Each structure stands twice: as C-alpha cells, then as structure tokens.
Amino acid sequence: MNVLMIDAQGGGLGKQIITAIKKTYPSISITAVGTNSVATSNMLKAGADHGATGENAVIVGCRHADIIIAPIGIVIADSMFGEVTPKMAAAVGQSTAKRLLIPINQCSNIILGVHNLSINDIITDILNDLQS
C-alpha cells in the first residue's frame with residue numbers, strides 16, 4: 001500500500017499522522033509531500049519513506065498513491081494561505097486513490113456539521129481506515 005501524506009505550513013499535522021501510522025503499520029510505504037520544504041522536512045523526520053516538495057510532487061504523487069491523506073484544503077485552490085495551487089487541487093480530486101481528507105476548519109473554509117475533532121480522534125479514524 002502506498003500512502004501519500006500531503007501537508008502545508010509546518011507539516012505538524014502530517015508529522016503526527018506519519019508517526020502514528022509507522023508505529024501501527026510499519027510496513028506501509030509513506031511518501032510525504034509538503035507544499036513547502038519545512039513541511040516536507042518535518043514529515044521525513046517523522047519516518048516517511050520518501051519526501052518531495054511542491055506542486056509537481058503533489059501531481060506526480062497523486063498518480064502513484066493508493067491512499068491520499070491531507071487536510072481538506074488540499075482540494076480547494078488557493079487554500080492554506082495560498083499554498084495550494086489549482087493544479088494541486090485538481091490532481092488530488094482527479095486521483096484514483098482513496099482520499100482521507102481531514103476536516104480542518106481554517107483559512108475561511110468551514111466544514112459545516114463537523115465538530116472540531118481532536119487530532120487524536122482524527123488519527124484514530126485514519127488508523128482504523130487503513131486497517132480495512
């Protein structure tokens with residue numbers, strides 16, 4: 001199974017998720033793609049098997065992933081303070097991979113009907129989904 005973890009800003013969310021996945025499922029291959037080099041670096045430190053940065057890395061990664069994990073903003077052009085380009089959003093949306101989108105209410109994107117879950121609850125949901 002090839003998991004593509006995409007994160008922006010400092011990569012803190014991706015770092016926590018990668019740490020949990022590697023602890024529970026060490027054989028899963030994770031490619032960390034940051035919208036910037038700081039995010040990528042932090043996810044690699046968490047144990048990602050591969051890392052890359054930027055728009056083209058997101059586009060290429062989406063072609064090879066079985067599962068994409070990312071904040072929901074990854075499918076909204078210009079979100080995450082402008083770090084998500086239209087091409088990135090389209091690549092994730094058009095990928096044949098299963099998408100596990102994290103409901104983060106930030107940057108003027110509010111997901112109605114979703115209560116603010118703790119990161120621990122979100123990670124538990126991700127780990128349960130990877131098991132099935």
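Contact here means heavy atoms within 4.5 Å. The model shown in these views is predicted.

**View 1. Helix α1 on its own.** Helix α1 covers residues 12-24. The helix has 13 residues. From its first C-alpha to its last, α1 reaches 19 Å. That is close to the 18 Å expected at 1.5 Å a residue.

**View 2. The buried residues of α1 and their cover.** Which residues of α1 are buried? They are L13, G14, I17, I18, A20, I21 and K22.

**View 3. Helix α1 packs with helix α6.** Helix α6 spans residues 119-131. The axes of α1 and α6 lie 10 Å apart, at an angle of about 45°. An angle between 35 and 65 degrees counts as oblique, so α1 and α6 are oblique to each other. The crossing of α1 with α6 is right-handed.

**View 4. The contact between α1 and α6, residue by residue.** From α1 come L13, Q16, I17, A20, I21 and T24. From α6 come I119, I123, I126, L127 and L130. What classes of residue make this contact? Nine are nonpolar and two are polar. None is charged.

View 5. Is N42 buried or exposed? Its relative accessibility is 18%. Buried means under 20%, so N42 counts as buried. Leave aside the neighbours within four places in sequence, and N42 is in contact with G10 and K15. N42 itself is found in helix α2.

Definitions and conventions:
Residues are numbered from 1 along each chain as its sequence is written. This is a predicted model: local features need pLDDT of at least 70, side-chain atom pairs count only at pLDDT 80 or more; totals for chains, interfaces and linings use all residues. Side-chain values use heavy atoms; hydrogens and water are left out. Axes are lines fitted to C-alpha atoms, for helices over the stretch in contact, and angles run from 0 to 180 degrees between N-to-C directions. Helices (H or I, at least four residues) and strands (E, at least two) are DSSP runs, numbered from the N terminus. Angles under 35 degrees count as roughly parallel, over 145 as roughly antiparallel, 65 to 115 as roughly perpendicular and the rest as oblique. A crossing is left-handed if the near helix is turned anticlockwise from the far one by less than a right angle, and right-handed if clockwise. Ala, Val, Leu, Ile, Met, Phe, Trp, Tyr, Cys and Pro count as nonpolar, Asp, Glu, Lys and Arg as charged, and the others, Gly among them, as polar. The expected span of a helix is 1.5 Å times one less than its number of residues. Buried means under 20% relative accessible area, exposed over 50%, partly exposed in between (1.4 Å probe, protein chains only).
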